[in-house]
Amino acid sequence: QKKNSYQIRYFSGTGIEVDLCGHATLAAAQVVFLQQGKMDKNFPGDDEITFATKFIELKAYRDKTNDGSSSNIIMDFPWREVDPIQASSVEESIKEMLEKSLNINEEEIILLGVGDNDAEDLFVHITPKAFHAMPTKKSDIDFGRMITCSGYNRGIIICCQNDDVTIEADFLSRFFGPKVGIDEDPVTGSAHCLLAPYFSRRVLMDKNTSTVRGMQASKRGGMLRCELLDECDKSNNAGNASTSGDDRYVRIIGSALIASSGELHIQ
């Protein structure tokens, strides 16, 4: 057991286990930081914890304000790439599902892919016109077709590059996960492991920044600021050619509030 290291697993409301969940990581980090501070007065000087999931390790840090008080929580998530779907039979069934369930026509699809982590999520990049035309009422969405569609294991990421100057975001997205008991997720941090690297190549070419902003356009909605950290570049500049995909991260900053607390007695 490493110092400040904790094991973590993620389950949906229906009891289905998933590989990664942004909100759960954020909430867990907030609880650990607060509890450690109560038990050890010296802990505030150590502001990093590690979560060991089933497959990877995640880092979380306390982002302090100038007066030293605890503020936001910084989380380093894995950088994941989008792999285009190759099998034509799978591609056709997915296109049919998208048309029947979300009114997305084949002509409006820019890229159809899956995440490079065992096709956990389906990734669909469409035109802004098609994105804004998607149904917003649950009764107008065919979640049954999403469940029976093969080619992915967890959820469906629908996204587009932002064309609305009134929205301070580089891209828009929605996330559907009926296969794991979530019809539409309000804000999905883990989806941005794919979204941020993908859109960074499209919106950061002429900008002196490594940060992209995404708006998840669910009913509740949410804005995410994602910083792309590529340690490979630093190592290569230093003359070290021994780098890997594990050296790249998507950094997301969030805040959490303890709504209630209590004690569980097990006999």
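**Figure 1. Helices and strands of the protein chain.** The protein chain has 6 helices and 15 strands in this predicted model. Of its 267 residues, 44% count as buried. Among contacts in the protein chain with a separation of 6 or more, 63% are between residues 24 or more positions apart. The accessible surface of the chain is about 14,700 Å², and carbon and sulfur atoms hold 47% of that surface.

**Figure 2. Helix α2, residues 88-102.** The helix consists of 15 residues. From the first C-alpha to the last, α2 reaches 21 Å, which is close to the 21 Å expected at 1.5 Å a residue. Viewed down the axis of α2, the buried residues fall within an arc of 160 degrees, so they line one face of the helix. In an α-helix there are 3.6 residues a turn, so residues three or four places apart point the same way.

**Figure 3. The two sides of α2.** The buried residues of this helix are I94, K95, M97, L98, S101 and L102. On the face turned away from the buried side, α2 carries the exposed residues S88 and S89.

**Figure 4. Packing partners of α2.** The buried residues of α2 pack against several strands and a helix. The strands are β8 (109-115), β9 (121-126), β10 (155-161) and β11 (171-177). The helix is α4, residues 143-148.

Figure 5. The phi of N103 is positive, at about 60 degrees, although N103 is not a glycine. Most residues other than glycine have a negative phi.

**Figure 6. P197 in helix α5.** P197 lies in α5, which covers residues 192-203. P197 has a relative accessible area of 0% and is buried, because a residue counts as buried under 20%.

**Figure 7. Surroundings of P197.** Leaving aside residues up to four places away in sequence, P197 touches W79, R80, H192, L228 and V250. P197 and S210 are 13 residues apart in sequence. In space, the C-alpha atoms of P197 and S210 are 9.9 Å apart.

Terms used
Residues are numbered from 1 along each chain as its sequence is written. This is a predicted model: local features need pLDDT of at least 70, side-chain atom pairs count only at pLDDT 80 or more; totals for chains, interfaces and linings use all residues. Side-chain values use heavy atoms; hydrogens and water are left out. Helices (H or I, at least four residues) and strands (E, at least two) are DSSP runs, numbered from the N terminus. The expected span of a helix is 1.5 Å times one less than its number of residues. Buried means under 20% relative accessible area, exposed over 50%, partly exposed in between (1.4 Å probe, protein chains only). The arc is that of the directions from the helix axis to the C-beta atoms. Contact means heavy atoms within 4.5 Å. Accessible areas come from the Shrake-Rupley method with a 1.4 Å probe; for residues, only the protein chains shown count as cover.
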